[in-house]
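Here is a short briefing on helix packing. Look at the structure first, then read on.

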Amino acid sequence: MFRNSKSRMEAISDGVFAVVLTIMVLDIKAPMANISDYEIQRLMMQLLSYLISFGVVAQYWVLHQELFTTLKTTTFKIMVANIYYLCPICLIPFATTWLSSSFISSESAIGFAILMFIVNVSQLWLFHLVIEQNRHDGQRIIEHDVEEFRSVKVMVAISIVYIGVSLLMPKFLLAAIALGILSRVLITRGIRFYLERQ
């Protein structure tokens, strides 16, 4: 009688991503009439934190929607894993505000880096469950799926680097995250190019 609905799981996921992407911009405060050097620095920090966090969340959404494209059977375990994945995603606006308002303090950088690690580990778990369910349903796992799973593993490794950067050089965390997004894309594209040449 009761069924686990894939469409409702995707709907709540898309809703969470849409809200997270939208509310991050609300913390950017417009400068006052007399713009001081401090106000300009504050605004630049808010904009930079927002743009990088937006890129991070958008990357998670792209991988999330690709993950569920081929899923035929939605299990309770997958639904729970999805909820636990969305939970730390919802904390990204808070971590972004903390990071920008503290001008990337050591504590806020460590908090942000740990949050990225938690999101990436929960994403890896979710990918694992969906791939296992697809195998259970008799679906052939195509090279694209293997590549995406590899990409998620790379994201976990990169988030460990974020933690190291936040501990040693917290002011460079946003640069490390921007490079992390770029390197994940380049690594994934490089592997794809290599496999196509085989």
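Axes here are lines fitted to C-alpha atoms, for helices over the stretch in contact, and angles run from 0 to 180 degrees between N-to-C directions. Helices are DSSP runs (H or I, at least four residues), numbered from the N terminus. The model is predicted: local features need pLDDT of at least 70, side-chain atom pairs count only at pLDDT 80 or more, and totals for chains, interfaces and linings use all residues. Residues are numbered from 1 along each chain as its sequence is written, and side-chain values use heavy atoms, leaving out hydrogens and water.

**H5 with H6**
- Helix H5 covers residues 106–136 and helix H6 residues 143–168; their axes come within 8 Å and cross at roughly 160°.
- H5 and H6 are therefore roughly antiparallel (over 145 degrees).
- Their contact holds 18 nonpolar, 6 polar and 3 charged residues. Nonpolar means Ala, Val, Leu, Ile, Met, Phe, Trp, Tyr, Cys and Pro; charged means Asp, Glu, Lys and Arg; the others, Gly among them, are polar.

**H2 with H5**
- Helix H2 (residues 37–67) packs on H5 at about 10°, with the axes 11 Å apart.
- H2 and H5 are therefore roughly parallel (under 35 degrees).
- The contact (heavy atoms within 4.5 Å) includes Tyr-60 and Leu-63 of H2 and Phe-112 and Phe-127 of H5.
- By class, the contact of H2 with H5 has 10 nonpolar, 4 polar and no charged residues.

**H5 itself**

Note on methods: Helices (H or I, at least four residues) and strands (E, at least two) are DSSP runs, numbered from the N terminus. Angles under 35 degrees count as roughly parallel, over 145 as roughly antiparallel, 65 to 115 as roughly perpendicular and the rest as oblique.
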